[in-house]
Amino acid sequence: MNLPLSPGAAKALALLQAAGYEAWIVGGCVRDALLGLPPKDYDLTTSALPEETQRVFAAYPRIETGLRHGTVTVLLEGEPLEITTYRVDGAYSDARHPDGVTFTRSLRQDAARRDFTINAMAYAPGQGLQDFFGGQADLAQGTIRAVGRAETRFHEDALRILRALRFASVLDFTLEAETHQAALACAPLLAAISPERVFSELGKLLCGKAAGRVLRTYPQVLGAVVPEILPMVGFDQRNAHHCYDVWTHTAVAVDHVPPELPLRLAMLFHDIGKPDTFSLGEDGQGHFYGHPRRSVELAEGILSRLRFPRRTRERVLTLVRYHDAVLEESPQRVRRWLNKLGPEVFFDLLAIQGGDAAAQAPAYCTRLDHLRRLEALARQVLDQAPCLTVRDLAVGGEDLLALGYRGPAIGRALRALLDQVLSETVSNEKNALLQRLAQMDAENTEKMEPCSKKKDP
């Protein structure tokens, strides 16, 4: 067996072995290489103690911040490599880091502390693959299995529960029975995990190829970190447009938008406000008046609590706010939306509405044709290089200064002209815009004059 190695990883293995130590690449890079995927980075494990590793790489730049846990980061061939001594972890009193570690000369003991069998394999050129716990078989079967007792692994570090779901989503794998049951039983432990770690795993999970299936299977696990989703689970919409409860509709909709984080988050939260806004009409149909507004409120709290970046939050909230908006097939209305949202977010909104429609009852999926026509229309509008912002106007602040406008009046006048261009009242040409501005000034002056003069008694 020959697995691909980066130049830095190959050099590090050779230097450690030449010094008389065992050395292997380990973990995710081995898993990815066996799956035929390019490894994102390379981690190494070695029988060398930390101080011995330092001596082997004395001539190379090093970062020694992980020495307490046996890790030395070495820069080789422009690549940072984490090189960790074989170790056995102590107790995890903070459910994140071991309180202490004991170094060992046994690769098997080191592998036994890892989270899942598919991440516990090691490889070295000339030595082949070391697979003590059946990771290669689990890869072939599409199985996520904890190394050893699953509950023990999850009590050591509760984030491993979300990591299991993330791997299931990204790789389209399933959790084996014991690991599945342990994930459900240990889910409350996730409440102690820091928002930053949850944000990272949740984002990767949502963008996986099997995200919808994982959401449908593990709402109680995800509800441990985002409890606001739990009222959606099993909530009957009682509406002819829908064939799923709110949570199942959400999970199906997630699968029907591109795997981009803002889109997947918007789809996850677009109907989160429905349970709070449900009402039953006289016709026996369920209604959710104002649910986009409530969904925005809930989503804003979740995204802020989990510390998603500001730009991501703003984009997601915009898409949630308008996910139910009526978009008319009119060049003028499309220009208005392009002006309001910008082209990129407008096309994202079409994708969101498409995902929403695809998760409704089949008889009501005709909206997809409407959205395809809207996309084509928007691209035709953009091909004409339309005036969509104040910056696109054929007149600017200097032109208005020359006419005597000052301060905020300049911005108001430019916005008024843009509105006229968007409504096709005037063309975006300098003379036409200046003439229209003069007309608007004259009209405003007339409105300010009294309609009739008061007569003397």
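How many of the 10 residues of helix α12 are buried? In this predicted model, 9 of the 10 residues of α12 (residues 246-255) are buried, so the helix is largely enclosed by the rest of the structure.

**Helix α12**

- The buried residues are Val-246, Trp-247, Thr-248, His-249, Thr-250, Ala-251, Val-252, Ala-253 and Val-254.
- These buried residues pack against α9 (195-206), α10 (211-217) and α11 (219-222), and also against α13 (261-269), α14 (274-277) and α18 (343-358).
- The N-terminal end of α12 is capped by Asp-245, which has a side-chain oxygen 2.9 Å from the backbone nitrogen of Trp-247.

**Helix α1**

- Helix α1 covers residues 7-18, which makes 12 residues. From its first C-alpha to its last it reaches 16 Å, close to the 16 Å expected at 1.5 Å a residue.
- Gly-8, Ala-9, Ala-12, Leu-13 and Leu-16 are the buried residues of α1.
- An α-helix has 3.6 residues a turn, so residues three or four places apart point the same way.
- Pro-7 and Ala-18, on the other side of α1, are exposed.
- The partners of the buried residues of α1 are the strands β1 (23-26), β2 (43-46), β4 (71-76) and β5 (79-85), together with helix α3.
- After α1 comes Gly-20, which has a positive phi, near 95°.

**Helices α18 and α19**

- Two packed helices are described by the angle between their axes and the distance between the axes.
- For α18 and α19 (residues 367-383), the angle is about 170° and the axes are 9 Å apart. That makes α18 roughly antiparallel to α19, because angles over 145 degrees count as such.
- On the α18 side, the residues that meet α19 include Phe-346, Phe-347 and Leu-350. Among the residues they meet in α19 are Leu-368, Leu-371, Leu-374 and Arg-379.

**Glu-52**

- Glu-52 sits in helix α3, which spans residues 50-56.
- Is Glu-52 buried or exposed? Its relative accessible area is 13%, and buried means under 20%, so Glu-52 is buried.
- Leaving aside residues up to four places away in sequence, Glu-52 touches Tyr-21, Ser-47 and Arg-105.

Key:
Residues are numbered from 1 along each chain as its sequence is written. This is a predicted model: local features need pLDDT of at least 70, side-chain atom pairs count only at pLDDT 80 or more; totals for chains, interfaces and linings use all residues. Side-chain values use heavy atoms; hydrogens and water are left out. Helices (H or I, at least four residues) and strands (E, at least two) are DSSP runs, numbered from the N terminus. Buried means under 20% relative accessible area, exposed over 50%, partly exposed in between (1.4 Å probe, protein chains only). Contact means heavy atoms within 4.5 Å. The expected span of a helix is 1.5 Å times one less than its number of residues. A polar contact is a pair of N or O atoms within 3.5 Å; within protein, one must be able to donate a hydrogen and the other to accept it, and residues adjacent in sequence count only if both atoms are side-chain atoms. Axes are lines fitted to C-alpha atoms, for helices over the stretch in contact, and angles run from 0 to 180 degrees between N-to-C directions. Angles under 35 degrees count as roughly parallel, over 145 as roughly antiparallel, 65 to 115 as roughly perpendicular and the rest as oblique.
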